[in-house]
Every structure is written in structure tokens, then in C-alpha cells.
Amino acid sequence: MEQTRWWLALHILGCVIFLGNTIVTFFWKLMADRSRDPKVLAFSQRLVTLTDKVFTAVGAALLAIGGYVHAWHLKLNTLQTPWIFWAQVCFYASAAIWVAVLVPIQHKQGKLAEAFGVSGEIPAAYWRLASRWNAMGTLATTLLIVALLLMVVDDESEPGKGVENASKLVQRDKVDVLIGTVHSGMQMGIQKHPFQGLGNRFR
């Protein structure tokens, strides 16, 4: 169980780094574009490329490795468990947009930024690429947020809501293990509920 928690922690850390960097980079890139200052744009473009290598790629790797190993320890079928399956669909769809669309755009913008960082003249091509990057970046980020929502269930600190959510996870989504919650009233309510097939696997 201790090893399982370490893999879960790695998965969550990867999610924080990956999604956090995606959202923050998207925001300050938009702010940089709004400034229309050639030097600011050139600097931000270099940082977009750098943070993708340092944070986005590393975060995605930690998220995937931690998640799959954690699922393996819990004997969860990642293709037959609905919420995991659809979270993966969203994650890989976002990754495909990043690799196939966003990275090439960033590379082209980086080349343009090198030139206008010196000349001070921002070409129309940069703004066309920026518009496409904004649109596809919004789609990719939305998919990641949907994936996150699929992985998280909020009990709202209400025993009745906790039992309702646990019932859905066990009977509808066929989860094998429930982890949480520390709220004693919630825990007692869930433990007393006659979930078929769950046995004593609640932790």
C-alpha cells in the first residue's frame, strides 16, 4: 500500500506540473501578445519553448508513469474502467494537438521572434500563427481540464453526497478500490452502505 501511495503521489505531482505549466504559459503568452512589444514577444516565445521542455514534457511523463503504475498496483483495467478510459482519451487528444499543432507553431513563431527581436518589426505571419496557437491551445487545455474532472469526485464534505458518489464509482464505474476520505462522518456513512462486491476494500 505504501508503494502504491508513492506512485499516486508521483501521478499527482506530474498532473500539477503539467496542467499548471500549461495554464500559466497560456496566460502569460496571451499577456505578452497583448503588449505588442517585439522584445517582450521574443522573450516570451523563447520561454514557451523552454518551459515546454522543462515542465510540460517532464510533467506529462510523471503523470503517465505514475498513473499507469498506480493503476497496475490497484489492478485497474485502464481500458475498461470508463472514467479512466475517457480521461486517457482527453489526455492523448490534448497531447496530439500539442505535438502536431502547437509545437510546430511555436517553432515557427520562435524563428520569427529571433528576427523581429532585433528589427522591431512584427510580421503579419506571427499574428496569424498566434491566433491559431490561441485557438488550439484553448482546445488542448480544455481537454486536460475535462480529464482532470473525470479523475476527481468531490464529496462536498456531506455524508449523503459521499455515499452517492461511492455508489456511482462502485456500481456504475466498477472501481475495485476506494481511497479516502479522512472525514469520519463520511467514512462511516460509506462503510455502512451495502455495496455489492466491494467487501472491505474501502480505505
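Helices (H or I, at least four residues) and strands (E, at least two) are DSSP runs, numbered from the N terminus. This is a predicted model, in which local features need pLDDT of at least 70, side-chain atom pairs count only at pLDDT 80 or more, and totals for chains, interfaces and linings use all residues. Residues are numbered from 1 along each chain as its sequence is written, and side-chain values use heavy atoms, with hydrogens and water left out.

**View 1. The overall fold has six helices and zero strands.** Along the sequence, the pattern reads α-α-α-α-α-α. The protein has 203 residues, and 36% of them are buried (under 20% relative accessible area; exposed is over 50%, partly exposed in between; 1.4 Å probe, protein chains only). Take the contacts (heavy atoms within 4.5 Å) between residues at least 6 apart in sequence: 73% join residues at least 24 apart.

**View 2. A salt bridge joins D33 and K29.** A salt bridge puts a side-chain nitrogen of Lys or Arg within 4 Å of a carboxyl oxygen of Asp or Glu. Here the N to O distance is 3.0 Å. The structure holds one such bridge. D33 and K29 both sit in helix α1 (residues 2-35), four residues apart, or about one turn of the helix. An α-helix has 3.6 residues a turn, so residues three or four places apart point the same way. Both D33 and K29 are buried.

**View 3. Helix α2 covers residues 38-73.** The expected span of a helix is 1.5 Å times one less than its number of residues. A kink of about 40° is centred on D52. The bend at a residue is the angle between axes fitted to the seven residues ending there and the seven starting there. At the start of α2, a side-chain oxygen of D37 comes to within 2.9 Å of the backbone nitrogen of K39. Just after α2, K75 has a positive phi of about 60°.

**View 4. S94 belongs to helix α3 (residues 82-119).** S94 counts as buried because its relative accessibility is 4%. Neighbours within four places in sequence aside, S94 is in contact with A140, L143 and L144.

Definitions and conventions. Polar contact = N/O pair within 3.5 Å; in protein donor to acceptor, adjacent residues only side chain to side chain.
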